[in-house]
Amino acid sequence: MARSRPRLAAIDGLRLLAALAVLSYHYTVAWRIDGVRLPEYFLPTTVHVTIYGFLGVELFFLISGFVIGMSSWGRTLGQFFASRVSRLFPAYWAAVVITGLAVMAFPLSDDRPSLLDLAVNLTMMQQPLGHDPVDGVYWTLFIELKFYLIMAFVLARGGLTYRRAVLLCTVWMTVAVLAPTLGSPALNALTISDYAPYFIGGMALFLIHKFGPTPLLYGITGFAWLVCLARVDDRMHDVNAGFPVPSWPGLLIVTLSFAVLLAVALGHTDRIQWRWLTIAGALTYPLYLLHNELGHIVIRAAYVHTALPVWVVVAATTVLMLGLACLVHRYVERPLSRRLLLAAGPMPSPVRIPAARAPRPVELHGSLK
């Protein structure tokens with residue numbers, strides 16, 4: 001009997017770390033707390049660290065490549081669709097309603113969403129439909145949807161196999177690297193050229209986890225890492241924080257993200273099975289969806305109506321958002337996800353993966369079925 005690998009609890013911890021990094025960036029850097037002065041005025045030391053929190057999104061995409069490879073393995077297109085709908089939409093629907101009503105009732109600017117905007121946001125397709133998002137963080141969800149579309153195409157061709165996964169990584173990476181030089185916005189959008197290396201790197205790391213390390217998989221992972229460094233360097237030059245922002249910490253953060261996920265793929269973190277990490281992983285998605293606009297409303301209100309130090313307000317708001325995420329997960333996401341999965345019928349579990357060996361590289365020259 002093949003040996004089963006334990007649950008990857010370390011990935012749950014990485015998810016929470018990524019969410020808290022993005023939260024810290026949004027609360028301390030990405031807006032003017034009093035509506036006038038730059039964030040550095042209130043948190044002169046903190047902002048020079050939390051400015052790099054936006055890279056939590058890159059870590060999310062890297063993890064997504066790993067996890068989606070795992071969750072789509074052995075599943076049909078219909079099963080993959082059901083698993084993604086049940087995972088993404090319950091917490092998202094709750095976040096859209098809660099955030100939309102809060103922003104309409106307590107707007108921080110004149111640009112408040114309409115009821116039509118709120119309704120369209122429930123589809124998660126507000127960007128291509130030309131409507132403003134209820135919360136700015138939703139832009140990443142459309143990136144994820146495009147990744148799922150690419151995976152759906154592979155599954156529709158007969159399922160995900162080692163050869164197909166490797167072929168997807170190599171072809172997608174080649175097109176994503178070349179697309180910006182071809183002057184085609186449509187091709188850039190379809191191939192997710194800015195973020196494709198993270199998804200591809202995550203998928204290659206998943207293949208290492210499932211089949212074991214090979215020079216080919218190390219090569220794909222290494223190339224994805226190098227392209228990610230180039231992408232991050234470009235992003236760091238575009239940061240406009242009101243103070244100098246060195247790019248080397250961003251490059252280090254991306255490198256550490258790859259290194260830690262490689263350690264997970266190689267099984268070095270299998271002994272980490274702390275129960276609180278599983279809980280943390282469950283709260284990450286609703287926390288990410290809820291924290292931004294709601295947090296800004298709470299922080300602004302506390303700043304105006306209390307004399308508390310800004311760092312205390314930010315810390316208290318973070319705890320409040322964690323509590324709200326817990327409620328949404330417990331009373332909306334978990335029960336509704338179960339109902340959606342039951343309605344979709346039984347499907348194989350993607351969590352425990354038998355240890356296996358990768359096919360010999362020479363087999364890549366044969367059939368790709």
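**Group meeting: a walk through the helices**

Okay, let's start with helix α12, residues 248-265. It has 18 residues and reaches 26 Å from its first C-alpha to its last, close to the 26 Å expected at 1.5 Å a residue. Keep in mind that what you're looking at is a predicted model.

So which residues of α12 are buried? They're Pro249, Gly250, Val254, Ser257, Phe258, Leu261, Val264 and Ala265. Now, an α-helix has 3.6 residues a turn, so residues three or four places apart point the same way. Have that in mind when you look at the list. And what covers those buried residues of α12? The cover includes α1 (9-28), α4 (56-72), α10 and α11 (215-237). Just after α12, look for Gly267, which takes a positive phi of about 90°.

Next, the core. The largest nonpolar core has 108 residues, and the ones with the most contacts inside it are Phe66, Tyr92, Tyr138, Phe147, Trp172, Leu207 and Leu289. Helix α10, residues 196-211, gives the most to this core, with 11 residues. Let's pick Tyr138 from that group. Leaving aside neighbours within four places in sequence, Tyr138 is in contact with Tyr92, Ala95, Val96, Thr99, Asn121, Gln126, Pro133 and Leu289.

What about the database record? The unreviewed UniProt entry lists several stretches as "transmembrane region", among them 12-29, 137-156, 247-267 and 310-332. Residues 12-29 are 94% helix and 0% strand, with the end C-alpha atoms 26 Å apart. Residues 137-156 come out at 90% helix and 0% strand, and there the end C-alpha atoms are 30 Å apart.

Let's finish with two single residues. Thr318 sits in helix α14, residues 310-344. Is Thr318 buried or exposed? Thr318 counts as buried, because its relative accessible area is 14% and the cut-off is under 20%. Its side chain has a polar atom 2.9 Å from the backbone oxygen of Val314. If you skip the neighbours within four places in sequence, Thr318 is in contact with Leu20, Leu23 and Tyr27.

The other one is Leu178, in helix α8, residues 162-178. With a relative accessible area of 46%, Leu178 is partly exposed. And how far is Leu178 from Leu277? They're 99 residues apart in sequence, and 39 Å apart in space, C-alpha to C-alpha.

Conventions:
Residues numbered from 1 in each chain as written. Predicted model: local features only at pLDDT ≥ 70, side-chain atom pairs only at ≥ 80, totals over all residues. Heavy atoms only, no water. Helix = DSSP H or I, 4+ residues; strand = E, 2+ residues; numbered from the N terminus. Buried < 20%, exposed > 50% of the residue type's maximum accessible area, 1.4 Å probe, protein only. Polar contact = N/O pair within 3.5 Å; in protein donor to acceptor, adjacent residues only side chain to side chain. Contact = heavy atoms within 4.5 Å. Core = buried A, V, L, I, M, F, W, Y, C linked by side-chain atoms within 4.5 Å. UniProt positions renumbered as here; feature names shortened; annotations may be inferred. Expected span 1.5 Å × (residues − 1).
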